[in-house]
Amino acid sequence: MSLCVLEGMGFRVGQALGERLPQETLAFREELDVLKFLCKDLWVAVFQKQMDSLRTNHQGTYVLQDNSFPLLIRMASGLQYLEEAPKFLTFTCGLLRGTLSTLGIKSLVTASVASLPTCKFQVVIQKT
């Protein structure tokens with residue numbers, strides 16, 4: 001229950017950022033342009049660094065990878081935190097989903113952690 005509330009809070013913050021940040025940018029032509037915006041502009045505004053990689057299967061699924069995610073850096077000292085780490089990404093999943101929603105893209109965002117402090121966010125675009 002508390003993770004749903006946390007994701008909802010991230011969603012609302014993402015909506016607000018999505019309304020304010022892209023005002024300086026040109027209109028996005030494609031989904032890929034929006035995801036590039038997330039990896040560069042949004043990530044810099046929130047975490048003062050760019051996302052490390054963006055991959056796609058060109059069928060509506062994108063994987064965004066951050067090799068030194070700021071919220072996980074302090075946990076990287078021990079493997080005992082690996083299992084609990086995805087809980088710390090719930091807000092950020094909501095943040096990404098909220099920003100995409102404001103920019104007109106309905107999506108499902110999940111996060112995974114294979115090794116600390118690296119995390120991957122999978123964004124699946126939901127076609128209407």
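This is a predicted model: local features need pLDDT of at least 70, side-chain atom pairs count only at pLDDT 80 or more; totals for chains, interfaces and linings use all residues.

Trainee: OK, helices. At what angle do α1 and α3 pack?

Mentor: About 40°, with the axes of α1 (residues 2–20) and α3 (residues 90–102) 6 Å apart. That makes α1 oblique to α3. Helices here are DSSP runs of H or I with at least four residues, strands are runs of E with at least two, and both are numbered from the N terminus. Axes are lines fitted to C-alpha atoms, for helices over the stretch in contact, and angles run from 0 to 180 degrees between N-to-C directions.

Trainee: And what counts as oblique?

Mentor: Angles under 35 degrees are roughly parallel, over 145 roughly antiparallel, 65 to 115 roughly perpendicular, and the rest are oblique.

Trainee: Which residues make the contact between α1 and α3?

Mentor: From α1, they include L3, L6, F11 and L17, and from α3, F91, L95 and R97 are among them. Contact means heavy atoms within 4.5 Å. By class, the contact of α1 with α3 has nine nonpolar, ten polar and three charged residues. For those classes, Ala, Val, Leu, Ile, Met, Phe, Trp, Tyr, Cys and Pro are nonpolar, Asp, Glu, Lys and Arg are charged, and the others, Gly among them, are polar.

Trainee: Which residues of α1 are buried?

Mentor: E7, G10, F11, G14, A16 and G18. Buried means under 20% relative accessible area, exposed over 50%, and partly exposed in between, using a 1.4 Å probe and protein chains only. The cover over those α1 residues includes α3.

Trainee: What about α3, which ones are buried there?

Mentor: In α3 the buried ones are T90, T92, C93, G94, L95, L96, G98, T99 and L100. Their cover includes α1, α2 (31–47), β3 (107–115) and β4 (118–125).

Trainee: How far does α3 reach, end to end?

Mentor: Its 13 residues reach 19 Å from first C-alpha to last, close to the 18 Å expected at 1.5 Å a residue. The expected span is 1.5 Å times one less than the number of residues. For α1, the 19 residues should span 27 Å, and the end C-alpha atoms are 28 Å apart, which agrees.

Trainee: You mentioned α2. How far apart are the axes of α2 and α3?

Mentor: They are 11 Å apart, and the two helices pack at an angle of about 125°. That makes α2 oblique to α3. The contact is made by V34, L35, F37, L38, L42, W43, V46 and F47 of α2 with T92, L95, L96, T99 and L100 of α3. By class, that contact of α2 with α3 has eleven nonpolar, two polar and no charged residues.

Trainee: New topic, loops. Where does P117 lie?

Mentor: P117 is in the loop between β3 and β4. The peptide bond from L116 to P117 is cis, with omega near 0°.

Trainee: Is P117 buried or exposed?

Mentor: P117 counts as buried, at 18% relative accessibility. Leaving aside neighbours within four places in sequence, P117 is in contact with D66, N67, S68, F69, L72, I73 and A76.

Note on methods:
Residues are numbered from 1 along each chain as its sequence is written. Side-chain values use heavy atoms; hydrogens and water are left out.
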